[in-house]
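Welcome! Here is a short tour for someone meeting this chain for the first time. Take a look at the picture, then read on.

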Amino acid sequence: MDRQRYVASHVALRQALSEYTGLHHAELRLSVGSFGKPSLTGHARTQFSLSHSQGLALIAIGGRGPLGADIELLRPVPDAAILAAEHFTRSEQEALAALPSHERDRAFLTCWTRKEACLKAIGVGLLVSSQSFEVGLEPDCRSVELSVAGRILWLVLGPAPARLDCVGALAEWRQTEARANRLGTAGPADNGGYANGQSLRRKAGAPARSMETAP
């Protein structure tokens, strides 16, 4: 069943890319970069991200900055407090603990998908701790600032199209700025490059706690 869902989600991705680019399915050539992020060969400006959770899939395609998409089926998360302590900021942990018990699963998965979408967009894997940036527990739209290897990365984060049975998030890497040095000067800003790789990818509620490559 998992294999069938994997194949179905990637067939849907190819169909969406075909519609977006105007290319026939047979003309699409996907390649994988050094960090495991797939790209469309010959169409560097076409950015995309795919996420699936059981029978649901979320596909994001655009022509601006690198994208990150993440979706989670709504379900009980009995170890939410433990996972939050490992991956959320202190204020996010406190906000989650303050909620009524019947609201915590949705709030946890909302925050989780927002973290995941940001990490997939910037694609630097374990270089960035999910506790180092704030995304909140609400499905709002906001700018997110991440510090990576001496640079400030700016992302636009928002919710995926609403459904009653899941939560999802979309992030787009818009800009990179050099960090100010000790003299108070900074280098010029540039657009976020395409470098995507590992992300949180530990599915909430699953027994494993390792990370793996995700598109």
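Predicted model: local features only at pLDDT ≥ 70, side-chain atom pairs only at ≥ 80, totals over all residues.

## The overall layout

How much of the chain is buried? Of its 215 residues, 42% are buried. The chain exposes about 11,300 Å², and carbon and sulfur atoms supply 55% of that area.

## The opening helix

Helix 1 covers residues 2-21. Its end C-alpha atoms are 29 Å apart, which agrees with the 28 Å that its 20 residues should span at 1.5 Å a residue. Just after helix 1 comes Gly-22, with a positive phi of about 80 degrees.

Which residues of helix 1 are buried? They are Ser-9, Leu-13, Leu-17 and Ser-18. An α-helix has 3.6 residues a turn, so residues three or four places apart point the same way. That is a handy rule to have in mind when you look at the buried positions Ser-9, Leu-13 and Leu-17. The cover over the buried residues of helix 1 includes strand 1 (30-32), strand 3 (47-53) and strand 4 (56-62).

Now turn to the open sheet, where four strands lie in the order 5-8-7-6 with antiparallel pairing. Strand 5 (67-73) and strand 6 are the edge strands, each pairing on one side only. From one strand to the next, the twist averages 25 degrees.

What packs on this sheet? Helix 4 (residues 101-122) does, touching strand 5, strand 6, strand 7 and strand 8. The direction of helix 4 makes about 155 degrees with that of strand 5.

## Two hairpins in the sheet

Strand 6 (residues 142-148) pairs with strand 7 (residues 151-159) in the antiparallel sense, over seven bridges. Here Val-148 stands opposite Arg-151 of strand 7. The hairpin of these strands has two residues between them, and in it Ala-149 takes a positive phi near 50 degrees.

Strand 7 also pairs with strand 8 (residues 166-178), again in the antiparallel sense, this time over nine bridges. How many residues sit between strand 7 and strand 8 in their hairpin? There are six. Across this pairing, Ile-152 stands opposite Glu-177 in strand 8, while Leu-155 has Trp-173 of strand 8 as its bridge partner.

## How confident is the model?

The pLDDT averages 83 for the chain, and 80% of the residues score at least 70.

Methods
Residues numbered from 1 in each chain as written. Heavy atoms only, no water. Buried < 20%, exposed > 50% of the residue type's maximum accessible area, 1.4 Å probe, protein only. Areas by Shrake-Rupley, 256 points an atom, 1.4 Å probe, with all protein chains shown as cover. Expected span 1.5 Å × (residues − 1). Contact = heavy atoms within 4.5 Å. Pairing = 2+ DSSP bridges. Axes fitted to C-alpha atoms, helices over the stretch in contact; angles between N-to-C directions. pLDDT = per-residue confidence, 0-100.
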